[in-house]
Amino acid sequence: MEGIRSASVLLLDGITKIYPGTVALEDVRFEAFPGEVHGLIGKNGAGKSTLVGILSGLIEPTAGSITLNGHSFHSLRRSLAKKLGVAIVPQEPEIVLDLPVAENLFLGELENSGGFVAWKRIRRDARNILGRFGLDISIDLMARDLSLSERQLLLILKACVVEDANVVVLDESSASLSSKDGIILRRIVEDLKSSGKAVIYISHHIDELLEVCDRLTVLRDGRVVETRSRELFDHHTLSELIVGESLVSSVSHKPDTPPPGERLLEVDALARWGLFEGISFSLRRGEILGIAGLRGSGRTEILKALSGIEPADAGSISLKGKALFFRSPSEALREGVAYLPEDRESEGLVKVFSIGDNLLLNSISKFSNRGFVSWADARRRASEVFSDVQIHAFSMEQNVDELSGGNKQKVVIGRIMTKEPDIYLLDEPTRGVDVGAKHSILSIVNGPLRAGAGVILTSPGLDDLLDICDRIMVLYRGMFVREYSREEFDEKNIFMDMQGFGFQKQRGGGVCRAV
Amino acid sequence: MSGGLRFKLALLDNIIWLMLLLFFGVCAIGVPAFASWNNIVNILYHTTIMSMLVLAQGFVLLSGNLDLSIDAVLAFAPGVVILASTKWFPGMLGNPYLAIFLTLLAGGLLGFFNGFCVSRLGMNAFMQTLSLSIILRGLVLFLIPLSIFPLHPVYSFIGKARLASLGNIPAAIPVTFCIYLLFHILLKYTVFGRNYLATGGNARASYVAGIDTRRMIIAGFVIAGILSAVAGMLTAGRQDSVSNTMGSGMTLLAFAGALLGGTAMGGGKGSAFGMLGGAILLGMFSNALNLLGVKVTLIHAAQGALIFLAILVDRFRVSLRARLLRNEQLQKLHHTKG
């Protein structure tokens, strides 16, 4: 089949990337042809981002070669990759908020005539591009006034049309698009295809990939499991390839866990319009409830609503039989609900503080008498927690910014532990930490955290949840799909539910999807 | 952590006092009449007003904001109160104790206005306090075209009086030290102080951790306003009058003092005693140049150079600190291996 095609525009061969402690990619071969949409799918941590990083010049591979338009390289720099025609749309829209649409579109590519910006031409081109794909926004609007979805679309247009690249990487670009903008994305991809560009399309949604792509590559644990053309896949085989050996509740924790205690939390029909609705569940003391769902499923938003950071619009929350509604994190904390933020750098840590001061951030008032801090008590508690969560630092006085990612995360966990709340809301506590740190964080959650409280846990991958949760609640696009108890745990079924298959079956397929 | 390292880190964190000591030593040798008791008292006395402004600015900096209106509040708060108590309602507001209270209240209210605009209305601190500064300075020029004097001795006490029981030193000096001690305790030993510092270090993380960060920011501005009003009373007391030029141009030097004292521009880091050291160093510096017969305008330029030096020293301090900690880590590694 490859004989019929023209030569590949991109070839990664024997690519290996080793990080200290982990092998992110191992002997990967990946090829893209002109005029094809090549889908890339795999679980979190399968190596998608690393692969994309390598081919766009952001990450240097440990071994292997990259061939672009016939030129071979051991590694690329971003500037070189760009010159050779590789454009990438990153997951998080990075846009200059206070520049108008037209200028954002041509940022870094501003045409000039005689030293002056050729505004006339740029405005005309911008208007044409937006018009061609049916994007109905004014070119003079500030990027700040656009919706998140429109900003993302703007970046897609910039990479796909303005930069005129041969290879365009769309890294989960559809995840933050509205259904209307999803259609526009399709149009853009079709256009790229017909003009002979190669598109590398990353998504967690199987449906979408099967619809958009010509070929699909499945990555698992840093290896290419399969590369085939679309017709040779269906939902089921693809899910199986992605998940691999189905993990049925590994019993890493079960035997010595005491039975759950009294009912702590009761959530009924919780909703925040546009993000999630009709969410009901309960939580007992000593129990770990996992929330599984893809990006945009509402898992983070539910935790933020429970903790008062972004309060819900409807529904009721009752804590130990008392109906409560939190409007701010300080109210939630007073009632014993502590939230571990998903973004530890910006929401979790005070970088200029020492480890000890960070550990006491939530709970300094607990160690005080009429407003005065009793440092002896506070330090004692902090050093207890410091050793409980096994932070690798030589002293509590050390500045928190000098720690590794995993240890920083332990500090944030330790910080909410110091407060001794009734309920822990843990938003992706294992994101971006190495395997060792991940293991010890999970055993802290499974040990000291669950011992005296109820825990709600989200995670980028299912493994964590399967490992330590008692129950897993699956969400799909802001709606409840199914709850699994530990005996029913099955990675493949849960994965299919996260994709929304179970949901469609249950409700007769009446879901309106974004793409 | 070894004792030696702890000592070194403590030295680095208090580098301002080291600089102060060094500077004092050099001047004691090189500048005639510098190290005399009278001159030291003189330096401290002349530093008191600036010390209050440094503390005001430094305190706001700790919360991650800044306040350009402190020198205007310095003039406005005592100015308008004295005007009211002598010209507008001499009968009703004649009581000097009431006047002191009203001066502090005025400072606090102006600070509250700043804080409210910044934290509730989301205004940029730079622009909001700049606008208030211009408004207040303009009002002072309009309301007090000519100095008003003399002041009631109770009102001018903290700026002017000398304490016979304490070797005849000006009352302003112990008042300043007491206020600094108070702020040292506030920042180090109270829940409010710790939450305040955390807010400056990372407002978002503090909010998520359950701290009422908006209240913290308002409190910072209120306190800066009150301290500026105290500085105003010190100034008015010293010259035994209120005038429209009081404090003008001091705001930027107050930044310098706070920076010299190790306060981080980004917030979250700094100490009251550090700021005191910064303020005294500024005062000592201009005093020494004064004694050497350097022209006033040149002293100003030299103070600018001092600020540059402060920034340089701060960078040096940060990198040296990192190196010390790294060495300690390496040593520990060797120990566990060997």
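**Notebook: a predicted two-chain model**

My cut-off for buried is 20 or more other C-beta atoms within 10 Å of the residue's own, with exposed at 12 or fewer, partly exposed in between, and C-beta atoms placed from the backbone. Helices (H or I, at least four residues) and strands (E, at least two) are DSSP runs, numbered from the N terminus.

A note on ground rules: this is a predicted model, where local features need pLDDT of at least 70, side-chain atom pairs count only at pLDDT 80 or more, and totals for chains, interfaces and linings use all residues. Residues are numbered from 1 along each chain as its sequence is written, while chains are lettered from A and ligands numbered from 1 in the order in which they are written.

**Strand β3(A)**

Next I looked up β3(A), residues 37–41, and found five of its five residues buried. Val37(A), Gly39(A) and Ile41(A) point one way, His38(A) and Leu40(A) the other. Which strands pair with β3(A) in the parallel sense? I got β10(A), residues 198–202, over four bridges, and β11(A), residues 215–220, also over four bridges. I call two strands paired if DSSP finds at least two bridges between them. Gly39(A) has Tyr201(A) as its bridge partner in β10(A), and His38(A) has Arg215(A) in β11(A).

**The six-stranded sheet**

I then traced an open sheet with mixed pairing in chain A, in the order β18-β21-β22-β15-β23-β24. β18(A) (337–340) and β24(A) (479–485) are at the edges with a single partner strand each, so one side of each has no neighbour in the sheet. Neighbouring strands are turned by 20 degrees against each other on average, direction ignored. Axes here are lines fitted to C-alpha atoms (for helices over the stretch in contact), and angles run from 0 to 180 degrees between N-to-C directions.

Inside the sheet, β15(A) (288–292) and β23(A) (471–476) run parallel, joined by four bridges. I picked out Ile291(A), whose bridge partner in β23(A) is Met473(A). Helix α15(A) (435–452) packs on the sheet, touching β15, β21 and β22 of chain A, at about 145 degrees to β22(A). Helix α17(A) (491–498) packs on the sheet too, touching β15, β23 and β24 of chain A, at about 30 degrees to β23(A).

**Core**

Which residues have the most contacts inside the largest nonpolar core? They are Leu425(A) and Leu53(B), in a core of 249 residues. Such a core is a set of buried Ala, Val, Leu, Ile, Met, Phe, Trp, Tyr and Cys residues joined through C-beta atoms within 7 Å. Helix α11(B) (213–239) gives the most to this core, 16 residues. Beyond four places in sequence, Leu425(A) is in contact with residues including Leu303(A), Val337(A), Tyr339(A) and Ile456(A). In contact means C-beta atoms, placed from the backbone, within 7 Å.

**Chain A against chain B**

Last, I checked the interface: 27 residues of chain A are in contact with 26 of chain B. α10 (329–334), α11 (344–348) and β20 (372–373) of chain A each give two or more residues to it.

Technical notes
Contact = placed C-beta atoms within 7 Å.
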